[in-house]
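Take a look at the chain shown here.

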Amino acid sequence: MALTDSFKARDIREYLDATHMRGKNITFLDDFSRDEIQSLFYAAEMLEPFMRTGTDLLKGKVLYTLFFQPSTRTRCSHENAMHRLGGSVITEADPTHNSSVAKNESLADSLRVTSEYADVIVMRHPDDKEAMGALEEIKGHCAPVISGGYGHVTHPTQGLLDSYTCWRAFGDLSKVTVAIASPDLSRARSGQSFALALAAMGAKIIYTGTSELRTPDIVREKLCKMGAQFEEHFDLTQKQHEELYMEKGVDLIYLPGCSVKKDDPNREDFMKKMANYYVSMDMLNTIRAKTGKVVGVHHSLPRNPGEFDFGIDNTPHQLYFRAIGFSVALRMALLSAVVGVN
């Protein structure tokens with residue numbers, strides 16, 4: 001390696017600035033380049049040692065979490081991340097009943113008001129059009145808003161976490177092939193955001209789903225515009241999935257999980273179809289015996305019986321719980337990048 005003027009000690013502020021995320025809403029990950037996402041990953045890796053001990057990068061800053069849908073991992077990891085950064089948190093986990101939304105306040109007005117209390121907002125909302133419409137309405141008059149999941153189409157902070165976990169596990173993502181498998185790709189927002197991050201990093205994406213519930217047009221259009229390496233397969237059996245994973249040299253199988261609520265009449269049908277996407281230890285052992293490859297299994301959580309073999313939990317294949325271990329560092333980096341560190 002030749003010596004250059006750039007050789008010096010690492011400065012996390014330079015990596016955070018290189019993300020070009022300061023002051024920006026985080027909605028879709030195709031808004032950011034490979035270099036920008038890579039810079040975020042470097043910053044997150046530098047913050048891993050401080051996930052428990054903390055640091056004062058955002059001392060005096062305030063995060064407001066506004067969640068119109070239930071959440072454990074996304075909300076708590078962002079709140080934990082802000083506390084570890086030396087900042088503070090205002091939490092609203094049930095705004096439909098506990099905030100002025102119950103008094104018919106518009107989402108745009110709610111965001112503009114809460115911006116006066118906070119330096120950054122993380123919001124989850126069931127209607128992507130309403131969420132993005134509100135952000136457009138108050139553009140330039142609101143603290144930056146990180147999507148904690150809008151509708152069925154985008155969950156960028158989850159996509160960043162999943163791709164960061166993949167990067168930590170495999171290294172150069174341009175050499176990685178990821179299968180995103182679900183009987184309902186139309187509502188797999190975590191899988192779609194993961195795909196956009198993977199595409200930005202140069203990974204190859206293998207979609208497998210049912211022909212009637214495909215990837216939303218807005219995501220397909222973004223992938224095509226990015227020049228993403230992706231292909232789609234439909235209505236495969238479990239055995240055909242095993243063969244597909246071997247043929248395509250898949251490194252990671254990603255299961256976005258069931259987005260159908262417990263009381264939804266379509267849930268039973270979803271779980272029946274999930275049988276064709278079930279990942280068993282037998283499948284993984286067969287792939288390893290034939291190819292020598294230890295294929296990773298990742299899931300956005302929460303999981304349901306019937307999606308994959310829970311015996312994977314304590315094997316080298318498991319990445320879903322390991323991702324939780326990276327979530328605070330990644331979100332510490334994301335909050336720092338969006339708020340800015342001087």
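## Two helices with a buried side

The buried residues of α11 pack against β8. Contact here means heavy atoms within 4.5 Å. The model is predicted, so local features need pLDDT of at least 70 and side-chain atom pairs count only at pLDDT 80 or more, while totals for chains, interfaces and linings use all residues. Residues are numbered from 1 along each chain as its sequence is written, and side-chain values use heavy atoms, with hydrogens and water left out.

Helices (H or I, at least four residues) and strands (E, at least two) are DSSP runs, numbered from the N terminus. Buried means under 20% relative accessible area, exposed means over 50%, and partly exposed lies in between (1.4 Å probe, protein chains only).

Helix α11 spans residues 267–274, and R267, F270 and M274 are buried in it. Seen down the axis, these buried residues fall within an arc of 60°, so they line one face of α11. The arc is that of the directions from the helix axis to the C-beta atoms. The face turned away from the buried side of α11 carries the exposed residues E268 and K272. Why can such a face form? An α-helix has 3.6 residues a turn, so residues three or four places apart point the same way.

Helix α5 covers residues 107–115. Its buried residues are L107, A108, S110, L111, T114 and S115. They cover an arc of only 165° around the axis, which puts them on the same side of α5. What do the buried residues of α5 pack against? Their partners are β1 (62–67), β3 (120–125), α6 (128–137) and β4 (145–150).

## A buried lysine

K222 sits in helix α9, residues 217–226. Is K222 buried or exposed? K222 counts as buried because its relative accessibility is 17%. Leave aside its neighbours within four places in sequence, and K222 is in contact with F28, D30 and L196.

## Salt bridges

Side chains of opposite charge can pair when their charged atoms come close. A salt bridge is a side-chain nitrogen of Lys or Arg within 4 Å of a carboxyl oxygen of Asp or Glu. How many salt bridges does this rule give? The count comes to 15. The table shows some of them.

| Pair | Closest N to O |
|---|---|
| K204 and E231 | 3.9 Å |
| D251 and K293 | 3.1 Å |

Start with K204 and E231, which form a salt bridge. This pair links distant parts of the chain: K204 is in strand β6 (residues 204–209), E231 is in strand β7, and they are 27 residues apart. K204 is partly exposed, at 27% relative accessible area. K204 and E231 also belong to a network of salt bridges with K248.

Next come D251 and K293, which also form a salt bridge. They too link distant parts of the chain, 42 residues apart: D251 lies in the loop between α10 and β8 (252–255), and K293 in the loop between α12 (281–291) and β9. D251 counts as buried at 12% relative accessibility. K293 is partly exposed, at 26%.

R22 counts as partly exposed at 41% relative accessibility. D17 is partly exposed too, at 42%.

## The second largest pocket

Rolling a probe the size of a water molecule over the atoms shows where empty space is left. On a 1 Å grid over the protein atoms alone, a pocket is an open set of points where a 1.4 Å probe fits, with protein on both sides within 12 Å along at least five of seven lines; lining residues have an atom within 4 Å of a point.

The second largest pocket has a volume of about 320 Å³. Of the 14 residues that line this pocket, the closest to its centre are N25, T27, L135, E136 and K139. Grid points are joined across faces, edges and corners, and a volume is the space filled by probe spheres set on the points.

The lining divides into 7 nonpolar, 4 polar and 3 charged residues. Ala, Val, Leu, Ile, Met, Phe, Trp, Tyr, Cys and Pro count as nonpolar, Asp, Glu, Lys and Arg as charged, and the others, Gly among them, as polar.

## Backbone features

The peptide bond from L301 to P302 is cis, with omega near 0°. P302 is in the loop between β9 (296–299) and α13 (320–339).
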